Amino acid sequence: MNFDLTDERQMLQDGLRRLLADSYTPDARKAIEAGDNGFSPDIWNSLAEMGVIGALFGEDDGGFAGAGFDVALVFEELGRVGAVDPLIDTAVLGGGLVAALGDAQQKELVEGVIGGGVQLAFAHVEPTSRYDLSRVDATAEKAGEGYEITGRKAVVVNAPAANHLLVTARTSGKASAENGISLFLVAADAAGLRLRNYPLVGGGQASEVVLDKVPATLVGPEGGAYEAIAAVNARAVLAISAEALGLMEAIKELTIDYLKTRKQFGVPIGKFQVLQHRMSDVALEVEQARSAVINLAGHVDAAPEVRDVHVSATKNLIGTVARQVVEESIQMHGGIGMTNEYELGHLAKRLTMVDHRFGDADHHLERFIALAVA
Amino acid sequence: MDLKYTQEQLAFKDEIATFMKEKLPKPISDRIRQGQELGKAGYEQWHAILNEAGYLAANWPKEFGGAGWDAVQRHIFEDEMSKAHAPRIVPFGLSMLGPVLQAFGSKEQQDYYLPRILSGEDWWCQGYSEPGAGSDLAAVRTSAVREGDHYIVNGQKTWTTLGQFANKIFCLVRTSKEGKLQEGISFLLVDMETPGIEVRPIVLIDGTPEVNEVFFDNVKVPAENLVGEENKGWTYAKYLLTHERTNIAGVGASTAALENLKRIARLEQDGGKPLIENPHFAARIARVEIELMAMSTTNLRVVSQAAAGQAPGAESSMLKIKGTVVRQELNALTRMAIGPYAMPFASEAMEEGSNAEPVGPDYAAPVTGQYFNNRKLSIFGGSNEIQRSIISKAILQL
Ligand SMILES: Cc1cc2nc3c(=O)[nH]c(=O)nc-3n(C[C@H](O)[C@H](O)[C@H](O)COP(=O)(O)OP(=O)(O)OC[C@H]3O[C@@H](n4cnc5c(N)ncnc54)[C@H](O)[C@@H]3O)c2cc1C
Ligand SMILES: Cc1cc2nc3c(=O)[nH]c(=O)nc-3n(C[C@H](O)[C@H](O)[C@H](O)COP(=O)(O)OP(=O)(O)OC[C@H]3O[C@@H](n4cnc5c(N)ncnc54)[C@H](O)[C@@H]3O)c2cc1C
């Protein structure tokens, strides 16, 4: 057993931490929020140049790392600065799906993703599918060489900036069946595709997507995309959990700092035992969160029945701890923790939103019961 | 022991329910039901309707133009207001300053200010907190120095709720640096149109400019605006806080929030079924509802002990903790209920007069903002940590 980073990973972590510290100033983030993309193309290009996007892919797919621990390392660093770049959407989900299911020509997109020139979004969630991975109502029908998709997709993160959407649609089976789900590539300017764009709480952008007979190319086997979607979803859960861990660490440091400097009744408020104990609880729960991320990182490429137990255990714990960290840190800050201007506001909002993607704590509690308890 | 209302109380309840049905304007209750903000004009309109019926100052004695109701009547009134989705009564003039002036103000101050609170001519805000004086309120430094028949005020207040709407501010100011901190504080009424006052908005975590910083630069305040005696302000300030904490349990608001949560959980789909049929989520709702049922009775036990016009004592600290925790849990569950639609940032859909189409179901738009905004409940009016210290000192004698 060894919990140290390898030399390569240590180098990646050091470099990425430096890059983010230099580029992710609070002012830079405000500029991003005011811009049209939901992220900064300059920072995105530096991430690509440094090889950060490539670190999320294995050598077979043109990357140079791609193990669970690489994914965890990258996203924890992004979380620490509250980064809003759509790495989960373009790289882990979009790039991951094309790498898993695409043919040789389609896989050129992965090269584009690693190089930084391509943006992707995964249009899977629907207005009433909630966190149910196999619930797909959108349908695709054969039309000449390709297909046409009709349906609606909800909260498609990074769709406003995406060059292509990866869209799931049903080619057979009933609404909740795993069989019959197919994956398609849809160009951003395809006829019949309508996007309503909006900003997200905690940064980034998304769209409500309406598809009316939109021309699409099949990626992978017709009706047989579910397994790959579940595998890529597991990596996305790992990525967002690691990002949550980074956010928790940043919030923890900020709060400890505040407890040491804010004075009331003539002493730093960190001298009040009730706050000491609650901060200690937060710190120990963040260690639990770190262990949960390590557990998932070590099992994300395991067989589905092993992998999914860890997916649900980790996402449940992360969701539960995230709420405690957010609520306690705001409370211990007092009024200043309620403001938009102070750094905590952004970090707390971003951390809270983690529970609303890829299944919340309750959803994964139920899945864990089904997989490991019952 | 009798848990039922008397015949008279039932008749009173009917009277209030009928009033709400007939007089509460639908555009206003629709906004409140949907969790949207009400602008200044909306509050003023609702205050005027209540004032015409004599219901506005529920907690004031009749001699000052109040309703003169006892604690149970006030509870019934609050309850019916929440059920009807009426806006809250803006507390600064009515629940805070009013009782202080009635107890400690001069006859002139009572005659001048109290009618103006009822008529809506004055919108008051609360100038207690400062950057260095939050929980430690006695540390206020904003100074008032007597020069002839004026005080000259210098310093800064902060977190001033709805100060952007106010034309008047009541302030705790330092008039002496001798002795204990508490013994050098005075309670001063200030017209916000006086030269030297600057109000700057603070945007809260949900994107709303709900609070402000208020700066005082050599502001000249007539000496007759002092309430009571110089350096006795701390007594009045604490008296005000106990009144601020009446209705602190917010049973009505939580009842409305619970109803909204259940409505949403019936509409949301989870695995092809209504979310409310999911046993884990149903259990979460049940836990808060059980808390709320007990709290409602705790609240009645406390308020029925307080005489008409009086505020409950340290027990109100228990109500504040329980009330805010229940309300915050309801807000958190509602956020969970809407699933991925908690993510869109929908600030413009919340503003009065906006026709922006909501993203996702219409009930989702205000939910995430409310969750974050109501974290304030356990911070202001004496944080929940401060309330626990009050309980352990005043009730448990530790
Ligand atoms: C089953 C059992 C086995 C034990 N075995 C051993 C043993 O093998 N060898 C040995 O030496 N001792 C042993 N102990 C004794 C144990 O170490 C003491 O019980 C323990 O240190 C607490 O001391 P106390 O019981 O005097 O409680 P107290 O110290 O009087 O504490 C009472 C309560 O006050 C709290 N408290 C005390 N100080 C503070 C503070 N500063 N801040 C906040 N809260 C505080 C405590 O947490 C506790 O809740 C054992 C005790 C038990 C119950
Ligand atoms: C939305 C909002 C609206 C407000 N509106 C108004 C208004 O209209 N007028 C006005 O005057 N004020 C207003 N306030 C201010 C509010 O009353 C203060 O925020 C509150 O008193 C806490 O002070 P603080 O923010 O300085 O936090 P601090 O006092 O710095 O507290 C920080 C943390 O330390 C804890 N703490 C402090 N002292 C102790 C102790 N002795 N023991 C244990 N823990 C302790 C607190 O509980 C908190 O968790 C408002 C605040 C908010 C957030």
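**Exercise 1. A charged pair across two chains**

Which side chains meet in a salt bridge at 2.8 Å, N to O, with one partner in chain A and the other in chain B?

Solution. Remember that this is a predicted model.
- Step 1. Apply the cut-off: a side-chain nitrogen of Lys or Arg must lie within 4 Å of a carboxyl oxygen of Asp or Glu.
- Step 2. The side chains of A:R278 and B:E385 meet at 2.8 Å, N to O.
- Step 3. Conclude. A:R278 and B:E385 form a salt bridge.
- Step 4. Between chain B and chain A the count is five salt bridges.

**Exercise 2. The interface**

Describe the contact between chain A and chain B.

Solution. 
- Step 1. Count the residues. Chain B brings 50 residues to the contact, and chain A brings 47.
- Step 2. Give the area. About 4100 Å² is buried between the two chains, and carbon and sulfur atoms give 58% of this.
- Step 3. Count polar contacts. There are 27 residue pairs in polar contact across the interface, both at pLDDT 80 or more.
- Step 4. Find the elements on the chain B side. β9 (269-270), α9 (279-305), α10 (315-337), α12 (367-373) and α13 of chain B each supply at least two residues.
- Step 5. Pick the main contributor. α10(B) gives the largest share, five residues.
- Step 6. Sort by class. The side of chain B that touches chain A has 25 nonpolar, 14 polar and 11 charged residues.

**Exercise 3. Ligand 2**

Where does ligand 2 lie, and which residues come nearest?

Solution. 
- Step 1. Ligand 2 sits between chains A and B.
- Step 2. List the neighbours. Of the 30 residues around ligand 2, the nearest are A:Q331, B:S135, B:T161, B:S383 and B:E385.
- Step 3. Check the atoms on the chain A side. One oxygen–protein distance is 2.7 Å, to an N or O atom in the side chain of A:R262. An oxygen atom of ligand 2 is also 2.6 Å from a polar backbone atom of A:Q331.
- Step 4. Check chain B. A nitrogen atom of ligand 2 is 2.6 Å from an N or O atom in the side chain of B:T161.
- Step 5. Judge the cover. Alone, ligand 2 exposes 970 Å², and the protein buries 94% of that.
- Step 6. Name the elements that give two or more residues to the shell. They are α8 (273-299) and α9 (304-333) of chain A, with α13 (384-395) of chain B. α9(A) gives the most, three residues.
- Step 7. Sort the shell. It has 14 nonpolar, 13 polar and three charged residues.

**Exercise 4. A link within chain A**

How many residues apart are A:R29 and A:E343?

Solution. 
- Step 1. Identify the bond. The side chains of A:R29 and A:E343 meet in a salt bridge at 3.3 Å, N to O.
- Step 2. Locate both ends. A:R29 is in helix α2 (residues 26-34), and A:E343 is in helix α10 (residues 343-353), both of chain A.
- Step 3. Widen the view. Over all chains the count is 43 salt bridges.

Note on methods. Residues are numbered from 1 along each chain as its sequence is written. Chains are lettered from A and ligands numbered from 1 in the order in which they are written. This is a predicted model: local features need pLDDT of at least 70, side-chain atom pairs count only at pLDDT 80 or more; totals for chains, interfaces and linings use all residues. Side-chain values use heavy atoms; hydrogens and water are left out. A residue is near a molecule or strand if one of its heavy atoms lies within 4 Å of it. A polar contact is a pair of N or O atoms within 3.5 Å; within protein, one must be able to donate a hydrogen and the other to accept it, and residues adjacent in sequence count only if both atoms are side-chain atoms. Accessible areas come from the Shrake-Rupley method with a 1.4 Å probe; for residues, only the protein chains shown count as cover. Helices (H or I, at least four residues) and strands (E, at least two) are DSSP runs, numbered from the N terminus. Ala, Val, Leu, Ile, Met, Phe, Trp, Tyr, Cys and Pro count as nonpolar, Asp, Glu, Lys and Arg as charged, and the others, Gly among them, as polar. Contact means heavy atoms within 4.5 Å. Buried area is the accessible area (1.4 Å probe) that two parts lose on being put together, summed over both.
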